[in-house]
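Try each task yourself, then read through the solution.

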Amino acid sequence: GCLSYLIYDNSTKETALIEPAIFIDEYEDYIRANGLKLKYIIDTHAHADHFSGGMELARKINMDYYINEIDVDKVFPFKSLKDIPNFVLNNTIIEVISTPGHTDGSVSFLVNNEALLCGDLLLLESPGRPDLARTKEETTIGAAILFDTLQSIMSKLNDNVKIFPSHFTKTETRPVVMSFGELIA
């Protein structure tokens with residue numbers, strides 16, 4: 001149930017690939033077939049439930065790979081999202097928002113104040129889990145951080161912002177998206 005997203009600017013075809021899965025050939029084929037210009041390869045977090053092909057794709061095509069340094073061992077090349085406020089694809093602004101809780105370094109991306117690609121912060125059925133790969137004490141701390149993050153996000157988003165999670169479970173909703181207003185109702 002992993003989801004990936006391509007964000008691109010219609011006029012320049014500049015593209016950001018968010019949450020690439022391990023099937024990297026499919027991204028390359030789609031990008032090539034549609035004349036897109038891949039500019040960024042980005043993950044919202046690193047975690048056992050998140051099978052990313054981002055690092056492999058970046059290495060294969062000689063590009064930078066972006067992820068928050070808080071979530072990774074520094075044994076492979078990457079650029080940290082920690083101090084990057086946004087990514088720009090011509091007229092498309094992708095704001096980087098720290099959204100810890102699922103992992104300490106989780107981030108979300110607010111695209112032109114219209115869409116939130118939120119990693120595992122929010123799923124369409126529930127908030128993300130703070131307990132994966134954590135001790136009981138760490139889970140309690142993670143749950144409190146996740147609660148605070150959700151409160152902060154709720155005050156920032158209007159009801160029309162579309163929520164795009166990085167996973168889906170048993171939902172029958174296709175595409176896997178809801179407005180923020182629908183999600184909190």
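## Exercise 1: Aromatic rings

Task: Which residues form one aromatic cluster?

Solution: Look for Y40, Y66 and F87, which form one aromatic cluster. Keep in mind that this is a predicted model. Next, take the whole structure: it holds four aromatic pairs.

## Exercise 2: One pair up close

Task: Work out why the rings of Y5 and F164 count as an edge-to-face pair.

Solution: Start with the distance: the ring centres of Y5 and F164 are 5.4 Å apart, and rings pair if their centres lie within 6.5 Å. Now check the angle. The two planes stand at 75°, and planes over 60 degrees apart count as edge-to-face. So Y5 and F164 make an edge-to-face pair.

Then see where the partners sit. Y5 belongs to strand β1 (residues 5–8) and F164 to strand β10 (residues 162–164), so their pairing ties together parts that are 159 residues apart in sequence.

Task: Is Y5 buried or exposed, and how does F164 count?

Solution: Buried means under 20% relative accessible area, exposed means over 50%, and partly exposed is in between. Y5 has a relative accessible area of 14%, which makes it buried. F164 comes to 21%, so this residue is partly exposed.

## Exercise 3: A serine and its neighbours

Task: Where is S179, and which residues does S179 touch?

Solution: First find strand β11 (residues 178–179), where S179 has its place. Next, apply the under-20% cut-off for buried residues: S179 has 10% relative accessibility, so it counts as buried. Finally, list the contacts. Leaving out residues up to four places away in sequence, S179 touches D159, N160, V161, K162 and I163.

## Exercise 4: The whole protein

Task: How many helices and strands does the protein have, and why can it be called as compact as a globular protein of its length?

Solution: Count the secondary structure to get four helices and 11 strands. For 185 residues the globule rule gives 16 Å, and the protein's radius of gyration is 16 Å, close to that value, so it is as compact as a globular protein of that length. Along the principal axes, the C-alpha atoms fill a box of roughly 45 × 40 × 30 Å.

Solution: Buried residues make up 47% of the 185. As for charge, you'll find 16 positive and 27 negative side chains, with the centres of the two sets 3 Å apart.

Technical notes:
Residues numbered from 1 in each chain as written. Predicted model: local features only at pLDDT ≥ 70, side-chain atom pairs only at ≥ 80, totals over all residues. Heavy atoms only, no water. Helix = DSSP H or I, 4+ residues; strand = E, 2+ residues; numbered from the N terminus. Rg over C-alpha atoms; globule rule 2.2 N^0.38 Å. Buried < 20%, exposed > 50% of the residue type's maximum accessible area, 1.4 Å probe, protein only. Lys, Arg positive; Asp, Glu negative; His and termini not counted. Charge placed at Lys NZ, Arg CZ, Asp CG, Glu CD. Phe/Tyr/Trp six-rings, centres within 6.5 Å; stacked < 30°, edge-to-face > 60°. Contact = heavy atoms within 4.5 Å.
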